[in-house]
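This report describes a protein model in terms of its aromatic pairs, its helices and a few selected residues. The sequence and the structure are shown first, and the description follows.

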Amino acid sequence: MVRQARAPVLKPSRYDGDENRRVVLEAALRVFSEVGFAAASTRAIAAAAGIEQGHLAYYFPTKLSLWQKVVEAFARTGEVHLQHQLAGDALGDPVATAWRILPGFLRTFADEPRLTRLMLQEFSVNSERQKWLVEAFGTPVWELLAPLFTALSLKGYLGGSRPEIAYFSLIGAALVTFGNGDLIRTMSGADPADTHWIEAAIAHMIAPVVMVAPVA
């Protein structure tokens with residue numbers, strides 16, 4: 001029987017509080033994304049971080065508070081990208097704007113597939129964690145992109161779909177595609193971590209957004 005290699009244990013510097021937090025958050029992201037919130041234990045997270053469970057509680061008193069800090073530490077990149085790129089007259093040419101900002105936004109899903117998998121898990125189940133994610137991350141991103149999708153719709157793009165349909169189809173495609181790398185490898189033999197594969201997937205996701213509505 002061939003043993004699978006264990007994930008490396010992260011060992012923080014004993015006296016560096018910031019470094020300890022970083023290592024714990026990294027380990028927690030790995031564990032939460034692999035087994036989900038319910039199955040993840042603080043004991044397993046502490047072991048993955050290379051610290052005692054009591055030491056983990058010193059930084060994060062509950063599993064929920066640790067989970068929230070993990071999301072906050074890793075999930076702002078896409079929102080920040082949009083805030084920077086949507087400044088000024090971004091809606092004058094919505095198609096050009098879509099091609100300018102959406103690839104970078106979608107790339108954040110591919111760049112951190114563990115977080116994407118975690119988000120996919122949590123957005124799929126009604127819970128207090130889902131409500132918190134929607135309020136803290138989902139709604140702000142939608143509010144940033146809604147004017148662009150509305151402008152595209154008014155100019156006859158989105159393939160004739162409503163703005164919210166096109167938006168959630170795009171987000172859903174990114175979550176499912178970039179949050180299921182192992183499944184894609186197993187089923188198709190493709191390498192979803194390959195740069196060319198990622199760029200092709202992003203282009204495919206954006207294509208319906210800039211598609212002209214069919215003539216009735």
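## Aromatic pairs

The structure, which is a predicted model, holds 10 aromatic pairs. One of them joins Phe149 and Tyr167 in an edge-to-face arrangement, with 5.8 Å from centre to centre and 90° between the planes. This pair links distant parts of the chain: Phe149 belongs to helix 8 (residues 128–154) and Tyr167 to helix 9 (residues 163–178), and the two are 18 residues apart. Are Phe149 and Tyr167 buried or exposed? Phe149 is buried, because its relative accessible area of 0% is under the 20% cut-off. Tyr167 is likewise buried, with a relative accessible area of 5%.

A single aromatic cluster is formed by Phe32, Phe37, Trp67, Trp132 and Phe137. For Phe37, the charged end is that of Lys63, which lies 4.4 Å from the ring centre. For Trp67, the charged end is that of Arg129, at 5.9 Å from the ring centre.

## Overall architecture

The protein chain has 11 helices and 0 strands. Along the sequence, its pattern is accordingly α-α-α-α-α-α-α-α-α-α-α. Taken along the principal axes, the C-alpha atoms fill a box of roughly 65 × 40 × 30 Å.

Of the 216 residues in the protein chain, 41% are buried. Among contacts between residues at least 6 apart in sequence, 68% join residues at least 24 apart.

Helix 1 covers residues 17–39 and spans only 27 Å between its end C-alpha atoms, whereas a straight helix of 23 residues would span 33 Å at 1.5 Å a residue. Where is the kink in helix 1 centred? The kink is centred on Ser33 and amounts to about 80°.

Helix 6 also contains a kink, of about 30°, at Leu102, shortly before the proline Pro103. The 18 residues of helix 6 reach 25 Å from the first C-alpha to the last, which is close to the 26 Å expected at 1.5 Å a residue. Helix 6 is mostly covered, with 13 of its 18 residues buried.

## Val95 in helix 6

Val95 is located in helix 6 (residues 94–111). Which residues does Val95 contact, leaving aside its neighbours within four places in sequence? These contacts are with Leu152, Tyr157 and Val210. A further spatial relation concerns His204: Val95 and His204 are 109 residues apart in sequence, and their C-alpha atoms are 15 Å apart in space.

## Phe178 and its surroundings

Phe178 is located in helix 9. Its relative accessibility is 4%, and it therefore counts as buried. Not counting residues up to four places away in sequence, Phe178 touches Leu106, Phe109, Ala110, Pro113, Thr116, Trp197, Ile198, Ala201, Ile202 and Met205.

One of these residues, Ala110, is 68 residues from Phe178 in sequence. In space, the C-alpha atoms of Phe178 and Ala110 are 5.2 Å apart.

## Two loop residues

Leu158 is found in the loop between helix 8 and helix 9. Although Leu158 is not a glycine, it has a positive phi of about 65°. Leu158 counts as buried because its relative accessibility is 3%.

Asn180 is placed in the loop between helix 9 and helix 10 (181–188). Why does Asn180 count as buried? Its relative accessibility is 17%, and the cut-off for a buried residue is under 20%. The side chain of Asn180 reaches the backbone oxygen of Val176 at 3.0 Å. Asn180 also touches Arg117 and Leu120, not counting residues up to four places away in sequence.

Note on methods
Residues numbered from 1 in each chain as written. Predicted model: local features only at pLDDT ≥ 70, side-chain atom pairs only at ≥ 80, totals over all residues. Heavy atoms only, no water. Phe/Tyr/Trp six-rings, centres within 6.5 Å; stacked < 30°, edge-to-face > 60°. Helix = DSSP H or I, 4+ residues; strand = E, 2+ residues; numbered from the N terminus. Buried < 20%, exposed > 50% of the residue type's maximum accessible area, 1.4 Å probe, protein only. Lys NZ or Arg CZ within 6 Å of the ring centre and 35° of its normal. Expected span 1.5 Å × (residues − 1). Bend = angle between axes of the 7 residues up to and from the residue. Polar contact = N/O pair within 3.5 Å; in protein donor to acceptor, adjacent residues only side chain to side chain. Contact = heavy atoms within 4.5 Å.
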